[in-house]
Amino acid sequence: MQQELIDLKNQALAEVSDAQSEDALEQLSTRYLGRKGLLTGLLRKTGTLPPEERPAFGQLANQVKKELEQALSQASERLSSAGRGTASRRGVDPTLPGIRPRRGRLHPITQTERLILEVFNRMGFQVVETPEVELDWYCFEALNMPPDHPARDMQDTFYISDQVVLRTHTSSAQIRTMEKEKPPLRIVCPGKAFRRDSDATHTPMFHQVEGLMVGEDITFAEYKGVLINFVHQIFGPEVPVRFRPSFFPFTEPSAEVDIGCVVCKGDGCRVCSHTGWLEILGSGMVDPNVFKNVGYDPDKVTGFAFGMGIERIAMLRWGIDDLRMFYDNDLRFIRQF
Ligand code: PHE
């Protein structure tokens with residue numbers, strides 16, 4: 001009788017899955033589960049079994065009943081949702097390709113940041129990260145920027161309080177690192193910087209990568225070598241590089257690094273203001289005063305530091321002419337990278 005039950009179940013399930021309409025399901029339900037139905041009939045015969053077999057049979061019968069009810073309600077759902085159109089009459093076609101989940105991708109700024117860090121990693125620089133909300137000491141004072149320095153103007157800096165600012169550059173990472181660690185060191189620090197500025201070439205928040213290399217005999221030649229190597233790895237080995245004398249309070253001598261304009265190849269165009277050159281970073285040999293501020297002996301160690309805007313590098317790599325595109329989150333823009 002157990003076998004009879006199982007056969008009945010298989011037959012019923014097959015008929016349910018073949019059913020083409022709600023009506024057909026209705027009929028099947030009556031045929032098997034109705035008061036005079038086949039399953040019901042079989043259940044009535046439980047009494048004819050030897051007493052010891054009854055519980056097991058009863059259990060199985062209940063299970064069959066449940067399965068059948070479930071199959072019926074699933075079939076009914078399938079029929080009602082696929083009711084329109086002949087192709088879908090039989091419900092889901094499992095051989096059709098599924099709907100692919102959309103893949104995310106990295107923002108162009110993230111991609112560029114990772115690329116820059118990779119290049120310096122290969123030259124032995126380690127990545128550190130330091131706070132965006134910073135004490136005056138790390139952002140200005142220790143970097144040889146006295147309280148009357150123009151960069152501290154309220155026009156340029158977001159002040160949280162008298163002594164607390166949103167860092168205006170990642171150079172604070174130089175001080176944070178040197179205070180904690182002994183030379184020699186080679187670090188790069190990526191992160192956000194903030195300035196009160198907003199137009200096609202400035203956003204109040206932007207990204208920088210800071211770099212610092214300090215040791216017993218780090219020379220100007222080393223400084224130039226590392227940065228030229230960096231430029232060549234990012235923009236290609238044939239790109240011209242020049243060091244243009246400049247000023248930063250925390251480096252002496254200081255230089256801005258320019259590359260031959262990637263748009264006009266040096267002929268002069270709007271992008272390079274007809275100079276043939278594009279500035280990509282600020283840099284210099286670490287000022288002895290900075291070493292004193294962190295307890296390093298300027299007679300024993302030398303070093304160089306640099307800082308670059310990630311947005312700027314990304315714009316030059318891809319020829320993007322409006323900085324604000326990076327933050328509009330327009331998918332038509334972001335999907336291109
Ligand atoms: N902090 C400087 C800036 O934001 C860049 C810089 C870093 C210059 C390190 C020299 C050395 O413009």
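These are my notebook entries on a predicted model.

**Ground rules.** I number residues from 1 along each chain as its sequence is written. In this predicted model I need pLDDT of at least 70 for local features and 80 or more for side-chain atom pairs, while totals for chains, interfaces and linings use all residues, and side-chain values use heavy atoms, without hydrogens and water.

**Domains.** I looked up the division of the chain first. Domain 1 covers 2-89 and domain 2 covers 108-334. These bounds come from an automatic or database domain assignment. I find their C-alpha centres 74 Å apart.

**Helix pair.** I then turned to α1 (residues 2-18) and α2 (residues 22-33), which pack at about 170° with axes 10 Å apart. Helices here are DSSP runs (H or I, at least four residues), strands likewise (E, at least two), numbered from the N terminus. Axes are lines fitted to C-alpha atoms, for helices over the stretch in contact, and angles run from 0 to 180 degrees between N-to-C directions. The two helices, α1 and α2, are therefore roughly antiparallel (over 145 degrees). L8, Q11, A12, E15 and V16 of α1 meet L25, L28, R31 and Y32 of α2 (heavy atoms within 4.5 Å).

I traced an open, antiparallel sheet of three strands in the order β2-β4-β3. Pairing needs at least two DSSP bridges between strands. β2 (133-135) and β3 (159-161) are the edges with a single partner strand each, so one side of each has no neighbour in the sheet. The twist averages 30° from one strand to the next. Three bridges join β2 to β4 (residues 164-166). L135 has V164 in β4 as its bridge partner.

**Cores.** Which residues have the most contacts inside the largest nonpolar core? I found F120 and F230, in a core of 44 residues. Such a core is a set of buried Ala, Val, Leu, Ile, Met, Phe, Trp, Tyr and Cys residues joined through side-chain atoms within 4.5 Å; buried means under 20% relative accessible area, with a 1.4 Å probe and protein chains only. Helix α8 gives the most, seven residues. A second, separate core of 22 residues includes I175, V214, F250 and Y296.

I noted a cis peptide bond between P183 and P184, omega about 5°. P184 sits in the loop between α7 (172-180) and β5 (185-194). E252 to P253 is also cis, with omega near -5°, and P253 is in strand β8. K265 has a positive phi near 55° and lies in the loop between β8 and β9. K265 is exposed at 67% relative accessible area (exposed is over 50%).

Terms used. Angles under 35 degrees count as roughly parallel, over 145 as roughly antiparallel, 65 to 115 as roughly perpendicular and the rest as oblique.
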